[in-house]
Amino acid sequence: MKLSHVRLLASNIHECFLFYRDVIGLEVRYGDETTPFAEFATGDVSFALETPMAEDPVEARSASMPFSGRDQVALVFRVGDIDAVYEKLQSKGVTFVQPPRDTPEWGHRVAYLRDPAGNILELNQGI
């Protein structure tokens, strides 16, 4: 069994699309800022955005879960130079939850930020 793709359900898909395309710099494989579905080229695992189904609003899902819905998923992007990516994204106005730091216990240097839908993103580079 192999993971084939990750799809984030985001009610603010327009804003998320622009974030992943223009700020993070992912290449668009399908869709645009006006479509209810968009897919990005990210290597072996596809990454997509989709609006939640109308009969399953975010509020209803959150109310029925023991968790708030925040931080139930983390997208991890491996980068070649985390400090350079950090500086580039900061220059585009991205606010980081945590700036780059070494985690020798995991063998990575990591930084954390949130997308417009509140999902946590980890940038990581081996050390």
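Colleague: What makes strand E5 (residues 74–78) and E8 a pair, and in which sense do they run?

Modeller: Happy to start there. In this predicted model, E5 and E8 are joined by 5 bridges in the parallel sense. Strands pair if there are at least two bridges between them, so E5 and E8 qualify.

Colleague: What links E7 and E8, and over how many bridges?

Modeller: They pair in the antiparallel sense over 7 bridges. Val110 has Asn124 in E8 as its bridge partner. E7 and E8 also form a hairpin, with 5 residues between them. Gly118, in the turn, has a positive phi of about 95°.

Colleague: How do you know whether E8 is mostly covered or mostly open?

Modeller: By going through its residues: 6 of the 7 are buried. Buried here stands for under 20% relative accessible area, and with that share E8 is mostly covered.

Colleague: Let's look at a residue of E8. What does the side chain of Gln125 do for Ile82?

Modeller: Gln125 is placed in strand E8, and a polar atom of its side chain lies 2.6 Å from the backbone nitrogen of Ile82. The limit for a polar contact is 3.5 Å, and 2.6 Å falls within it. Beyond the residues up to four places away in sequence, Gln125 touches a number of others, including Val79, Asp81, Ile82 and His108.

Colleague: What makes Asp81 a cap of H3?

Modeller: The position of its side chain. A side-chain oxygen of Asp81 lies 3.2 Å from the backbone nitrogen of Asp83, at the N-terminal end of H3. That distance is again within the 3.5 Å limit, so the pair passes on distance.

Colleague: Which residues of helix H3 (residues 82–91) are buried, and why are they on one side of H3?

Modeller: The buried ones are Ile82, Tyr86 and Leu89. They cover an arc of only 70° around the axis, and therefore they sit on the same side of H3. The spacing also makes sense, because residues three or four places apart on an α-helix with 3.6 residues a turn point the same way. Lys88 and Ser91, on the other side of H3, are exposed, and exposed takes over 50% relative accessible area.

Colleague: What do the buried residues of H3 pack against?

Modeller: Their neighbours are H1, strand E6 (96–103), strand E7 (108–114) and strand E8 (120–126). Just after H3 comes Gly93, with a positive phi of about 90°.

Colleague: Now the other sheet topic. What is the strand order in the open sheet of 4 strands?

Modeller: The order is E1-E4-E3-E2, and the pairing is mixed. Strand E1 (5–9) and strand E2 (27–30) are called edge strands, as each pairs on one side only. From one strand to the next the twist averages 30°.

Colleague: How do you know that E2 and strand E3 (residues 37–41) pair?

Modeller: They share 3 bridges in the antiparallel sense, and the requirement is at least two, so the pairing stands. Tyr30, for example, has Glu39 in E3 as its bridge partner. Helix H1 (residues 13–23) packs on this sheet, touching E1, E2, E3 and strand E4 (46–50), and its direction makes about 150° with that of E4. The buried residues of H1 include Cys16, Phe17 and Tyr20.

Definitions and conventions. Residues are numbered from 1 along each chain as its sequence is written. This is a predicted model: local features need pLDDT of at least 70, side-chain atom pairs count only at pLDDT 80 or more; totals for chains, interfaces and linings use all residues. Side-chain values use heavy atoms; hydrogens and water are left out. Axes are lines fitted to C-alpha atoms, for helices over the stretch in contact, and angles run from 0 to 180 degrees between N-to-C directions. Contact means heavy atoms within 4.5 Å. Buried means under 20% relative accessible area, exposed over 50%, partly exposed in between (1.4 Å probe, protein chains only). The arc is that of the directions from the helix axis to the C-beta atoms. A polar contact is a pair of N or O atoms within 3.5 Å; within protein, one must be able to donate a hydrogen and the other to accept it, and residues adjacent in sequence count only if both atoms are side-chain atoms.
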